[in-house]
Every structure is written in structure tokens, then in C-alpha cells.
Amino acid sequence: VQLQASGGGSVQAGGSLRLSCAASGLTFSTYVMAWFRQAPGKEREVVARISSSGGGTYYAGSVKGRFTISRDNAKNTAYLQMNSLKPEDTAVYYCAASRIYSAALGAYDYWGQGTLVTVSS
């Protein structure tokens, strides 16, 4: 199983980025997908997750209204559209796959390698 995250980069505050997570080696349409992030010196936290069908989503309060998670099961890819970025969004972003609709790190079976997002003020 591989999850390949991409799309990170450096932007100014107020800018946008779109992260992608391309999955292979698993039946993508049966897995919950999530994006987590980890800032320097902080614990990894869930940013957003989406049900296997795409019909259900969850967002952390800090990103609600600014970030949108989506998936294309035909392309085995999940996305995170990030708008109105803030310096506090700076972190390494990880995509992850789980059989369970959960925010717990331990529920996720597979993880991508992470992609760095840097937001400058």
C-alpha cells in the first residue's frame, strides 16, 4: 500500500494550496481518508476526514470554512483544498487511510510521507 501526498509549498497568508493524496495497493473506495498535520514541536492533529463514499466529512474547528476535503474514488485520490491560509497552518501535512470513521491516529492503517506547507505573514 502506498499513499503519495503532494501539493505542499510556500505561500503568503491569505493564499491557497491544494494537496493531493494518490493511493495504490488498497481498495480505495472502502477506506476513510483523512488529512493530519504536525507543526514543529506539536502533536499530530486531524485536520479533516471524509467517509469512504465521500458523503460525510469532518473538519477541525481551526480550519472549518477554509479547508475542503474531497475524494475521487475513480482516481484513487483524496484532496485537501486550503484557502485563506494563515501562518498557524504551517505544518507537515499527512494523508492517511482507515477502515474506521475516526479522528484517532491509531485508527489509521496507512500513512503518506507528508508534504510541507509553509505560510508566511
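A search of the whole structure, which is a predicted model, finds 5 aromatic pairs, where the rings of Phe, Tyr and Trp (its six-membered ring) are paired if their centres lie within 6.5 Å. Phe-36, Tyr-94, Tyr-108 and Trp-111 belong to one aromatic cluster.

Salt bridges, defined by a side-chain nitrogen of Lys or Arg within 4 Å of a carboxyl oxygen of Asp or Glu, number 3 in the model. In one of them the side chains of Glu-45 and Arg-37 meet at 2.8 Å, N to O. Glu-45 is partly exposed at 36% relative accessibility, whereas Arg-37 is buried with a relative accessible area of 7%; buried denotes under 20% relative accessible area, exposed over 50%, and partly exposed the range in between (1.4 Å probe, protein chains only).

Arg-37 also forms a salt bridge with Asp-89, at 2.9 Å, N to O. This pair links distant parts of the chain, with Asp-89 in the loop between β8 and β9 and Arg-37 in strand β4 (residues 32-38), 52 residues apart; strands (E, at least two residues) are DSSP runs, numbered from the N terminus. A further salt bridge joins Arg-66 and Asp-89 at 2.7 Å, N to O, and this pair likewise links distant parts of the chain, Arg-66 being in the loop between β6 (57-59) and β7 (67-72), 23 residues from Asp-89. Both Arg-66 and Asp-89 are buried, and salt bridges that share partners join Arg-37, Glu-45, Arg-66 and Asp-89 into one network.

Asp-89 is placed between β8 (77-82) and β9 (91-98) and has a relative accessible area of 0%, so it is classed as buried. The side chain of Asp-89 reaches the backbone nitrogen of Lys-86 at 2.8 Å. Contacts of Asp-89 (heavy atoms within 4.5 Å), not counting residues up to four places away in sequence, are made with Arg-37, Arg-66, Phe-67, Ser-84, Val-117 and Val-119.

Tyr-110 lies in strand β10 (residues 108-111) and, with a relative accessible area of 29%, is partly exposed. Tyr-110 and Gln-2 are 108 residues apart in sequence, yet their C-alpha atoms are 7.7 Å apart in space. When residues up to four places away in sequence are not counted, Tyr-110 touches Val-1, Leu-3, Leu-26, Tyr-31, Cys-95, Ala-96 and Ala-97.

Residues are numbered from 1 along each chain as its sequence is written, and side-chain values use heavy atoms, with hydrogens and water left out. In this predicted model, local features need pLDDT of at least 70 and side-chain atom pairs count only at pLDDT 80 or more, while totals for chains, interfaces and linings use all residues.

Conventions: Helices (H or I, at least four residues) and strands (E, at least two) are DSSP runs, numbered from the N terminus. A polar contact is a pair of N or O atoms within 3.5 Å; within protein, one must be able to donate a hydrogen and the other to accept it, and residues adjacent in sequence count only if both atoms are side-chain atoms. Rings of Phe, Tyr and Trp (its six-membered ring) pair if their centres lie within 6.5 Å; planes under 30 degrees apart count as stacked, over 60 as edge-to-face and the rest as tilted.
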